[in-house]
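Welcome! Take a look at the sequence and the 3D view, and then read on for a short tour.

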Amino acid sequence: MRLTVIGCGYVGLVTGACLAAAGHEVYCTDVDRKRIDQLQAGQVPIYEEHLAEVLERARAERKIFFTAEASEAIRAGEVIFICVGTPPRENGEADLSAIDRVARQIATEARSPKLVIEKSTVPALTGVQLVKALAAYSPPGGVKFSVASNPEFLREGTAVEDFFHPDRIVVGVGDGATASTLGEIYRPILERRFYCPVHAGLCPAGPPAEFLVTTINSAELIKHASNSFLALKISYANVIADLCERIGADVEEVTRAMGLDPRIGKEFLRAGLGFGGFCFPKDLQAFIHLSARVGVDFEILKAAERVNKQRIDRFFEKIHKALWVIKDKKIVVLGLAFKPDTDDIRFAPALEIIRKLLEEGAAVHATDPQAIGKAKLLFPAVCYHEDPYEALRGADAALLCTEWKAFREIDWERAGQTMARRLVIDGRDVYQRKAMQQLGFDYDSFGRP
Ligand code: UDX
């Protein structure tokens with residue numbers, strides 16, 4: 001099938017590349033001409049494992065094309081995936097202006113019937129507005145449009161794997177024909193007829209993905225409901241961690257036992273600095289906003305958001321307690337990305353920590369395997385190091401903010417020899433207190449005695 005992808009951010013690129021790998025012909029466009037130039041030249045503007053390989057293969061097989069001319073891309077595909085950004089506005093509401101702009105462009109540029117799919121995360125009832133906008137901007141006697149919602153559940157860092165091996169594919173549609181078209185698009189994924197770079201073509205047998213056909217309103221709600229629930233779970237684990245500290249219990253023991261109950265599940269119960277990234281914080285806010293707008297009390301989500309913001313304060317209490325004075329101390333931030341295996345620093349807890357450390361007059365040093373370039377633009381006053389051991393030389397304290405494998409494997413005996421003071425505050429509960437203490441470290445983490 002010929003598909004169009006509008007918006008070459010991480011969702012658009014992963015969607016476009018993986019659907020091309022599944023055999024479709026994909027035409028991608030973006031308002032950022034520089035990004036299109038890069039993509040045409042074979043460069044990948046974001047760091048996402050396996051994405052470069054999938055794109056390269058699709059390019060070589062002439063299955064994916066990039067153009068800065070939206071009209072060209074719109075006319076090329078029978079089905080259009082809208083993958084543009086929906087950032088939060090000042091009041092937390094999702095900013096849907098990019099969706100509106102794209103709807104207008106599609107309505108005016110299309111010359112044949114199109115199925116228009118919302119892939120960007122949008123609040124419920126956006127589909128209704130999209131139908132209206134497409135009709136309003138169509139010239140008299142213009143082409144026919146159908147609309148569908150197909151939310152993505154991709155995690156950054158494992159997005160390619162998630163796309164090829166989904167738990168569920170949700171399609172919100174208004175009629176059976178649209179459901180069949182979406183079924184055709186995803187058939188190669190459901191039947192595993194694609195080259196999987198994650199498993200080098202030898203994917204382990206697993207349960208097949210569920211292909212769920214719902215209404216458009218339900219599909220839109222499913223995305224926000226899922227992400228908000230996961231955020232809620234993390235905040236719950238974080239409050240348990242605070243309780244453990246007061247009571248003298250161990251959050252890992254508690255959450256492990258909780259997670260063995262299949263009704264609870266073990267994922268997303270890791271306590272620490274809390275969630276960041278461009279999905280959870282903004283989706284939570286947008287869901288709170290939507291609920292308020294339609295008159296539904298969703299107080300528990302506000303509490304989850306509050307708990308998450310307080311993680312940074314709790315971390316600072318630990319830093320103050322251990323260091324006493326922060327001013328002029330050399331403090332090393334291990335990890336800038338909001339989670340490992342991505343260069344994304346949007347809403348990363350490390351940023352808020354750096355901002356506060358700088359405010360208090362610390363000499364801040366930082367290291368991250370992928371995100372230094374992006375952080376430099378935000379905090380030029382920080383001293384960046386590629387090598388964690390270099391960063392830790394002469395340090396008064398190390399703060400673990402992102403649990404990259406390279407940081408999990410730090411040889412603290414070696415690092416400790418060059419630090420001014422052996423102090424580690426672990427924001428991700430990665431190291432073992434006993435082992436750190438045996439090496440002479442003053443060590444703190446969340447919720448562990
Ligand atoms: C999330 C959803 O998982 C994905 O389905 C959706 O499509 C987009 O949002 P992502 O933002 O890539 O994906 O990250 P995820 O792996 O879910 O982690 C989000 C944040 O929660 C990270 O900051 C992570 O460090 C934090 N987290 C996660 C915890 O603090 N504890 C946990 O137990 C799990």
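## The ligand and its contacts

A backbone N or O atom of Glu 156 lies 2.6 Å from an oxygen atom of the ligand, a polar contact (a pair of N or O atoms within 3.5 Å). Phe 338 also places a backbone N or O atom 3.1 Å from a ligand oxygen, and for Leu 269 the corresponding distance is 3.3 Å. The protein covers 95% of the 670 Å² of accessible area that the ligand has on its own, with areas taken from the Shrake-Rupley method with a 1.4 Å probe.

Before going on, please note that this is a predicted model, in which local features need pLDDT of at least 70 and side-chain atom pairs count only at pLDDT 80 or more, while totals for chains, interfaces and linings use all residues. Residues are numbered from 1 along each chain as its sequence is written, and side-chain values use heavy atoms, leaving out hydrogens and water.

## The shell around the ligand

Around the ligand sit 19 residues, the closest being Leu 154, Glu 156, Arg 270, Gly 276 and Lys 339; a residue is counted if one of its heavy atoms lies within 4 Å. Nine of the shell residues are nonpolar, three polar and seven charged. In this grouping, Ala, Val, Leu, Ile, Met, Phe, Trp, Tyr, Cys and Pro are nonpolar, Asp, Glu, Lys and Arg charged, and the others, Gly among them, polar.

Which helix gives the largest share of the shell? That is helix 9 (residues 216–247), with three residues. Helices here are DSSP runs (H or I, at least four residues), numbered from the N terminus.

## An aromatic pair

The whole structure holds ten aromatic pairs, meaning rings of Phe, Tyr or Trp (its six-membered ring) with centres within 6.5 Å. One of them joins Phe 287 and Phe 298, which are tilted, at 5.5 Å centre to centre and 55 degrees between the planes; planes under 30 degrees apart would count as stacked and over 60 as edge-to-face. Phe 287 lies in helix 11 (residues 280–293) and Phe 298 in the loop between helix 11 and helix 12 (299–323), so the pair ties together parts eleven residues apart in sequence.

Conventions. Polar contact = N/O pair within 3.5 Å; in protein donor to acceptor, adjacent residues only side chain to side chain. Helix = DSSP H or I, 4+ residues; strand = E, 2+ residues; numbered from the N terminus.
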